[in-house]
Amino acid sequence: MRCLGLLVWLVACNGDVSVSKVPMDADNDGFDEEVDCDDGHAVVNPDAPEVCDGLDNDCDSVVDEDPDDGRTFYTDADGDGAGDPDAPVVACEAPADAVTTDDDCDDAEARAFPGNAEVCDEVDNDCDTAIDEDDASDTTTWYADTDGDSYGDAAIAVTGCAAPEGYVADGTDCDDAVATIHPDAAETDCGDATDYNCDGS
């Protein structure tokens, strides 16, 4: 009865008796359950480094993002298998649009990547900093047109993507020193022995 009286006296004096809950830190990582997003794993708390373990280590609601133990991949925007050295991505697994190489010279051009064959298309296909080189696979043979009649000399030829100054694609001129002699020239004077149209007669 004495104890009961004491309890009644305490209640009467204080007016209210309440018990406050102390936050728990079940995983002993230094962060209680009120701030720890997973109090069952000591490697998960707001100060933990993100690593490749399938957990949201740093409590930012994203799993395995920019992990300390991740690999560096490179964005491959044009899908040519070569990555952009200026667009690295650190991840646990390669993202769908990323690769392990970082040697693409133009990640917006699928025809440009190391090892590709150079062709005449105004693109640095093989990433060697030269465009439409003379060793491109589809170069044209050009013939010197000394007399300017649009027909070149088959004996003076070069290959390349574009015609050098004074060269043409037709190499059928039989006399490249005289502009009036070429395969399309007219022969009207039967007394003139010159083979103006290059037909051999």
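**View 1. Pairing of the bonded cysteines.** Numbered in sequence order, the bonded cysteines of this predicted model pair as 1-3, 2-4, 5-7, 6-8, 9-10. The structure holds five disulfides, a disulfide being a pair of cysteine sulfur atoms within 2.5 Å. Residues are numbered from 1 along each chain as its sequence is written.

**View 2. The link of Cys-37 and Cys-59.** Here the sulfur atoms sit 2.1 Å apart. The S-S torsion is about -85°, so this disulfide is left-handed. Cys-37 and Cys-59 both lie in the loop between H1 and strand E1 (71–75), so the bond ties together parts 22 residues apart in sequence; helices (H or I, at least four residues) and strands (E, at least two) are DSSP runs, numbered from the N terminus.

**View 3. The link of Cys-52 and Cys-92.** With sulfur atoms 2.0 Å apart, this pair joins the loop between H1 and E1 to the loop between strand E2 (88–91) and strand E3 (98–99), 40 residues apart. Its torsion of about -100° makes it left-handed.

View 4. Cys-190 is exposed, at 83% relative accessible area (buried is under 20%, exposed over 50%, partly exposed in between; 1.4 Å probe, protein chains only).

Terms used
Predicted model: local features only at pLDDT ≥ 70, side-chain atom pairs only at ≥ 80, totals over all residues. Heavy atoms only, no water.
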